[in-house]
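These are my notebook entries on one structure. I record what I looked up and in what order.

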Amino acid sequence: SKAKYQAKAANQRRDYLHKLTTHLVKQYDVIAIEDLKTKNLQKNHHLAKSIANASWRMFRQMLEYKCEWYGKKLIAVDPKNTSRICSKCGYNSGAKSLEIREWTCSKCQTKHDRDINAAINILHKATPTGQGLAMVTS
Ligand SMILES: [Zn+2]
């Protein structure tokens, strides 16, 4: 049945998030994430998006309590401009639609993977000195 399928999918997601967060917390001393506002997340009524939002909240909660268990540090940073700024030169080239996965900075010509560039920006915000950290983006 559909309900059974959905319950199974939810269990698999929870399992996956447990494995992922345990792995991250054991491996790294400091983890930086975007401090996404739950209010904004809840505005979306598309099913795929609401599942992604629920997963993000669960992911963050697991990170929070597991960081406490293991004595690790979780740093949530303001997500503003993390996908707009070039992590190499700091130039803000504005919003990019979600289907753009790679882009080139118009100022320094560095070619970026969207997620990795955002992760580096999150890292810079979390720790200006930035050493030995796990990078996680939504
Ligand atoms: Zn640049």
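I began with the spacing of the zinc donors along the chain, and I read it as C-x2-C-x15-C-x2-C. The model is predicted: local features need pLDDT of at least 70, side-chain atom pairs count only at pLDDT 80 or more, and totals for chains, interfaces and linings use all residues. Residues are numbered from 1 along each chain as its sequence is written, and side-chain values use heavy atoms, with hydrogens and water left out.

**Entry: the zinc site.** I looked up the protein donors and found C86, C89, C105 and C108, each through SG, lying 2.3 Å from the zinc ion. Donors are N, O and S atoms within 2.8 Å of the metal (3.2 Å for Na, K and Ca); water is not among the atoms, so sites may look incomplete. The angles among the four donor atoms run from 105 to 114°, and the site is tetrahedral. For four donors, that term requires all angles to lie between 85 and 135 degrees. I noted for reference that the ideal angle for four tetrahedral donors is 109.5 degrees.

Buried means under 20% relative accessible area, exposed over 50%, and partly exposed in between (1.4 Å probe, protein chains only). C86 is buried because its relative accessible area is 1%, whereas C89 is at 36% and so counts as partly exposed.

**Entry: the chain as a whole.** I counted four helices and five strands. Their order from the N terminus is α-β-α-α-β-β-β-α-β. Helices (H or I, at least four residues) and strands (E, at least two) are DSSP runs, numbered from the N terminus. The chain has 138 residues, of which 32% count as buried. Among contacts with a separation of 6 or more, 58% join residues 24 or more positions apart; contact means heavy atoms within 4.5 Å.

**Entry: aromatic pairs.** How many aromatic pairs does a search of the whole structure find? I found two. Rings of Phe, Tyr and Trp (its six-membered ring) pair if their centres lie within 6.5 Å; planes under 30 degrees apart count as stacked, over 60 as edge-to-face and the rest as tilted. W56 and F59 form a tilted pair, 5.5 Å centre to centre with 40° between the planes. Both residues lie in helix α3 (residues 47-70), three residues apart, about one turn of the helix. W56 and F59 are both buried. The ring centres of Y65 and W69 are 5.0 Å apart and their planes meet at 50°, so this pair is tilted. Y65 and W69 also lie in helix α3, four residues apart. Y65 is partly exposed because its relative accessible area is 34%, while W69, at 61%, counts as exposed.

**Entry: two positive phi angles.** I noted as background that most residues other than glycine have a negative phi. N81 is not a glycine, yet its phi is positive, about 70°. N81 belongs to the loop between β2 (73-77) and β3 (102-104). Q109, also not a glycine, has a positive phi of about 65°, and it is found in the loop between β3 and β4 (111-113). Is Q109 buried or exposed? Q109 counts as exposed because its relative accessibility is 53%.

**Entry: A118.** I located A118 in helix α4 (residues 114-126). A118 is buried, with a relative accessible area of 8%.

Key:
Tetrahedral: all angles 85-135°; square planar, octahedral: opposite > 155°, others 65-115°.
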